[in-house]
Amino acid sequence: MALARPRGLINLFGLASAYRRGEHATLLSFADALRPDAVDLVDDLKQDGLAILIASGDRPEALEDIARATGTTAIGHLRPTDKLALIERLK
């Protein structure tokens, strides 16, 4: 039994995992929906002069739609220590 992310199918089906049990595999698709007020909130923060950056442990492909929708930059594959180091550099 295995649960894995099928890299080749990400662009076709959005976010997905492949559940495999023996020879049988099922594609499980899902979405990380933004809060309804997320775009407006990011716009308000930008108007206040703040630079917005998404720092995540997720794969960059998983962040693309969110970054595009909010007009932000996203960095993926970050460990917690990477995020803390990024915060220190940005201070």
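1. The side chains of K91 and E88 are joined by a salt bridge, with 3.0 Å from N to O. A salt bridge here is a side-chain nitrogen of Lys or Arg within 4 Å of a carboxyl oxygen of Asp or Glu. K91 is exposed at a relative accessible area of 72%, and E88 also counts as exposed, at 52%. The terms are set as follows: buried is under 20% relative accessible area, exposed is over 50%, and partly exposed lies in between (1.4 Å probe, protein chains only).

2. The model is predicted: local features need pLDDT of at least 70 and side-chain atom pairs count only at pLDDT 80 or more, whereas totals for chains, interfaces and linings use all residues. Residues are numbered from 1 along each chain as its sequence is written, and side-chain values use heavy atoms, with hydrogens and water left out.

3. D65 and R68 form a salt bridge at 2.8 Å, N to O. The two residues lie 3 apart in helix α3 (residues 60-70), so about one helical turn separates them. Helices (H or I, at least four residues) are DSSP runs, numbered from the N terminus. D65 and R68 are both exposed.

4. A salt bridge also links E61 with R59, whose closest N and O atoms are 3.9 Å apart.

5. In total, the structure contains 5 salt bridges, including the one between D65 and R68.
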